[in-house]
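Me: I would like to go through this structure with you, starting with strand pairing and then turning to the aromatic rings. Could you take me through it?

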Amino acid sequence: MNGGLGSLRLEAVEVMRNALISAENLQLTLKSDFSSEEQALTNNHSSGNQGKPSRGNEDLKEMLESNKESLKLEAMKRIVGLIAKGKNASELFPAVVKNVASKNIELKKLVYVYLVRYAEEQQDLALLSISTFQRALKDPNQLIRASALRVLSSIRVPIIVPIMMLAIKEAATDLSPYVRKTAAHAIQKLYSLDPDQKEHLIEVIEKLLKDKSTLVAGSVVMAFEEVCPDRIDLIHKNYRKLCNLLVDVEEWGQVVIIHMLTRYARTQFVSPWREDAVFDENNEKAFYDSEEERRVDQSKLYIMDPDHRLLLRNTKPLLQSRNTAVVMAVSQLYWHLAPKHELSIISKSLVRLLRSHREVQYIVLQNIATMSIQRKGMFEPFMKSFYVRSTDATHIKTLKLEILTNLANEANISTILREFQTYVKSQDKAFAAATIQAIGRCATNISEVTDTCLNGLVLLLSNRDETVVAESVVVIKKLLQTQPSQHSDIIKHMAKLFDNITVSMARASILWLMGEYCEHVPKIAPDVLRKMAKSFTSEEDIVKLQTVNLAAKLYLTNSKQTKLLTQYILNLGKYDQNYDIRDRTRFIRQLIVPNEKSGALSKYARRILMAPKPAPVLQSAFKDRDRFQLGTLSHTLNSQANGYLELSDWPAVAPDQSVRNVEVAEPVKEAGAPALGKSKPSKSAEKFYSDSEEEEEEEEGSSSEDSSNSSSEESESEENSDDSDKSSSSQSEKSSSESDSEKKKKTLKNKKLQQQKPDSKDRKQKNGNAVKGGSRSESESGSESSSSESSSESGSESGSELDSDSDSGTDQKKNTKSKPAQSKTVAKQVEKKEVSLLDLDDFSPAAVTTPKSSILSPSLLSDLQGLSISPTASALQTSSPVFVPETSHELLHRMTGKGLSAQYRFTRQPCIYGNSMVSLQLTLSNSSDQALENIHISEKTSTGQNIHRFNAIERLEPQASVTVSMGVDFNDSTQAANFQLCTKEDEFSVSIQPAVGELLLPVTMSEADFTKEQGKLVGMNESSATITMTPENVSSQSVNRKVVSVANLGVIPSSQENIHRFVGKTVSSGSLVLVSVALNDPDAVITINTEKTVMGSMLLRQFKTALTNGGP
């Protein structure tokens, strides 16, 4: 019994001890929380704690030095929270920086957030961790690599400039767009630290400007604006790409790019504002409806440059942006670049912004005020939007008042004046005074209402508010100067009110009126001077000066009555405390009172003092602000701010537009179907192989490339070798860092040519010469080939160095020899543009696979597979489509086409005209009773897409139809391809609008590879949604059918019955698109992983619609 009690007693003591320890720990924790978050991390400690580390800091340091990741993580969260509150946590820098090498990703991110904040303040301690930052630059996680570069660029110590320069160059070629974006940000920091690095930084900027990622575009343009804004030659080759990428760039980048392109366009295009110019509405070429119009002087005809139109067209959709800065940027671009008759489209968007916060309203209203001075018609339909609200701030009210005054004309002046009458009664005195000034401006600008305004202002002189009366007097004074003889009654009325007016400016204005027009009021003016003589000593200085002037003028015109008064006032002024009044008095005395000492000037006293004075011009305060670019800080301040770049004047003659052409290497073109690009000379052999590490990096990086953007940007021929630069003056500038992914483009292109000409390959193997294949069928004859990102087409082919070397040795011969049996048309094209058929030096280390095609022979396929270099690459092959829709879309209606109708459909097959093109089948029908001749596609397209045109159809009989094929490079965008479908007599503007699912090609892939690739495309690259399935869509067959009907994807066999996987690649850039549907009856989770985030979100919406709707 005693033993049992003893054991219970011991247990109770133990429990009590634990409770006390827990309470003590809790108390310490509470204390540390309070002290660390509220007191310890401030610069100003109490005098008793100076020199002693606070308990709060010690607790955080202990947590950071703990072996438990959870404690470190909690400590970092507290520290970052304190920084967010504005507390100073710099003394924790040594403890924090120790955790920079932590393996916990979340902890490492928080450490980097802290280091970015304090690296500049604690430079010495940060330098100790330089090696850690350099190692982090090689981290597999893109966020860590980017954070390390961000911290490194925040250590502003000149000694590490070479390290920063090297890190930036490496990051500029990183596989992750996010890291490349961070590299662009670091360029600006390094330039501010060491401007001597400008030339090296320009090289990096030039490389990043060629980047096709929308994530990088805005950042690198910002770096360009900061480092070398005058180097517009760097923009030439990237202009069209930036225009086409603009809609997909983040909002901050859109603003930067738009402002840069505005400056660029003002230097490269002629003005569309010539008053004598006849604007060509077609924007492409002169097209007249009659012979009379054909006689219009060609010198007056303005035809907009296609690149000018491309910029305006691609920025127009951004007027619908939710970001006010983007809308404002597009508006200023249109204001400075667009023809005047197109400016009306920006009015509605700007008025929409007036629903935003007052800060936004202020900037927008300032810009509208500037615009409304020159273009009143733009905003007249929205005049009610500028009516003042009672809740508006004073500065907003004043701006709206300014705009209403600018918009006033004979038609709406009565409405505006009624508004102004209400505003004058406002309790806001400053606003009421501004309204009176606005009434004065209206009276000056519109002569029909001058008398009405004057009468209204005179009535305001009886107002109880001194501010209103004073402002009215000032405005009346200015108005009376226009026609004083007709308004002597008003002057008399103002003289009667003089005693009741106390505001000095108003009293001075009345005195000036009395003196200036004293001859119109000869009886009243001397009496006013008498009253002023009594109160002279107590008046304000400005009133005293006008009193002296009045006395002098009355002395000259009515000396009998005012001679003594004038002498008295001059004596008072002679001893006044203000030296201006004393000097004015002495001057007036010598001028008007002749004596022996006065010179010849006194003879002209009357002409000096009573000279007619021009009426003041009442004009807007925003009249001269148009000298600054709209939307800039300089425009807001009406003063040139630091860093402001002025817009240049339009050039009298447009510079050569060919500088924006990007040369495209092409195969032999088929007769009658000229391509839109230009050819490129072959390149001499370069380094063929790279290290194994580079091979692995290129295999991963090949999937991160974005789409090319226009016909002239399909091939990055800037990376030509020295030899090619010397041989062709039209080549783009040489780049020393040609990326391997660019080489792969040319590899696939050359393989495509070999696939189309197996007989030529056999002949080539015999004599070692490049052979041009003969003319073949329409669908297989020489085609236009634009470069594409072929990363996702990498295959498991094995390389042969000997074969490669022997083949590359024939490159010099390929440029000079052609097949004699070739048709004349093709032969002429080859003579003009010689094309190397197999640039083996362009091969990249990454493996490349051959797309399946019906024109491949087995022997040629095996030969091509032997050209693979990397045997370790995962096999990715383009597969045949699972589902081909038979639905046709109308391209041209027979009524619109005058009997010619056209329909198109997507074949979902690899395009034989180019690896980056989408294959289309076009059906042309003649429903008229006459034959149609020369049906073709115009050479000029109104959009930036590269289009392979079908051969011209010489004749199409009545009621006949013909089917042709064509290819369009949509650049992985759903932007419509606009072009002209022409006959011998007419031209019809048509448009092909692609569905996002038709921009893909199916790919074969194992389930393991799918999971691996999916793991790489997470975070911003992943889109998912949960939906409720209809009963008929729950089956596997139904899910597969629905998904492949929406998008051209390949089906991956799955080991799990409830998970369906699909994979494809984008046609233009080759970026992977991974789709998985996980069924969990009745719900389903759709997940899409792709670098093309816009395409991913669009596909997700379409899949949700398809899987939630019933039916087939």
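This is a predicted model: local features need pLDDT of at least 70, side-chain atom pairs count only at pLDDT 80 or more; totals for chains, interfaces and linings use all residues.

Me: Which residue stands opposite Cys982 in S11?
Reply: His936 stands opposite Cys982.

Me: And what holds paired strands together in general?
Reply: Strands of a sheet pair through backbone hydrogen bonds, in either a parallel or an antiparallel arrangement.

Me: In what order do the four strands of the open sheet run?
Reply: The order is S9-S7-S11-S12, with antiparallel pairing, and the four strands form an open sheet.

Me: Which strands stand at the edges?
Reply: Strand S9 (953–956) and strand S12 (987–992) do. Each has a single partner strand, so one side of each is left without a neighbour in the sheet.

Me: What does the twist average from one strand to the next?
Reply: The twist averages 30° from one strand to the next.

Me: Changing topic: how many aromatic pairs does the structure hold?
Reply: The structure holds 11 aromatic pairs. One of them is formed by Phe93 and Tyr114, which are tilted, with 5.9 Å centre to centre and 40° between the planes.

Me: Where in the chain do Phe93 and Tyr114 sit?
Reply: Phe93 is in helix H4 (residues 93–97) and Tyr114 is in helix H5 (residues 105–118). They are 21 residues apart, and the pair links distant parts of the chain.

Me: Is Phe93 buried or exposed? What about Tyr114, buried or exposed?
Reply: Phe93 counts as buried because its relative accessibility is 0%, under the 20% cut-off. Tyr114 is likewise buried, at 0% relative accessibility.

Me: Which residues form one aromatic cluster with Tyr118?
Reply: Phe93 and Tyr114 form that cluster together with Tyr118.

Me: What is the geometry of the pair formed by Tyr423 and Phe431?
Reply: Tyr423 and Phe431 form a tilted pair, at 5.3 Å centre to centre with 45° between the planes. Tyr423 counts as buried at 5% relative accessibility, and Phe431 is buried with a relative accessible area of 2%.

Me: One more item: which residue lies over the face of Trp512?
Reply: Lys477 lies over the face of Trp512, at 5.0 Å from the ring centre.

Me: And over the face of Tyr239, which residue lies there?
Reply: Arg660 lies over the face of Tyr239, at 5.7 Å from the ring centre.

How values were computed: Residues are numbered from 1 along each chain as its sequence is written. Side-chain values use heavy atoms; hydrogens and water are left out. Two strands pair if DSSP finds at least two bridges between them. Helices (H or I, at least four residues) and strands (E, at least two) are DSSP runs, numbered from the N terminus. Axes are lines fitted to C-alpha atoms, for helices over the stretch in contact, and angles run from 0 to 180 degrees between N-to-C directions. Rings of Phe, Tyr and Trp (its six-membered ring) pair if their centres lie within 6.5 Å; planes under 30 degrees apart count as stacked, over 60 as edge-to-face and the rest as tilted. Buried means under 20% relative accessible area, exposed over 50%, partly exposed in between (1.4 Å probe, protein chains only). A charge sits over a ring if NZ of Lys or CZ of Arg is within 6 Å of the ring centre and within 35 degrees of the ring normal.
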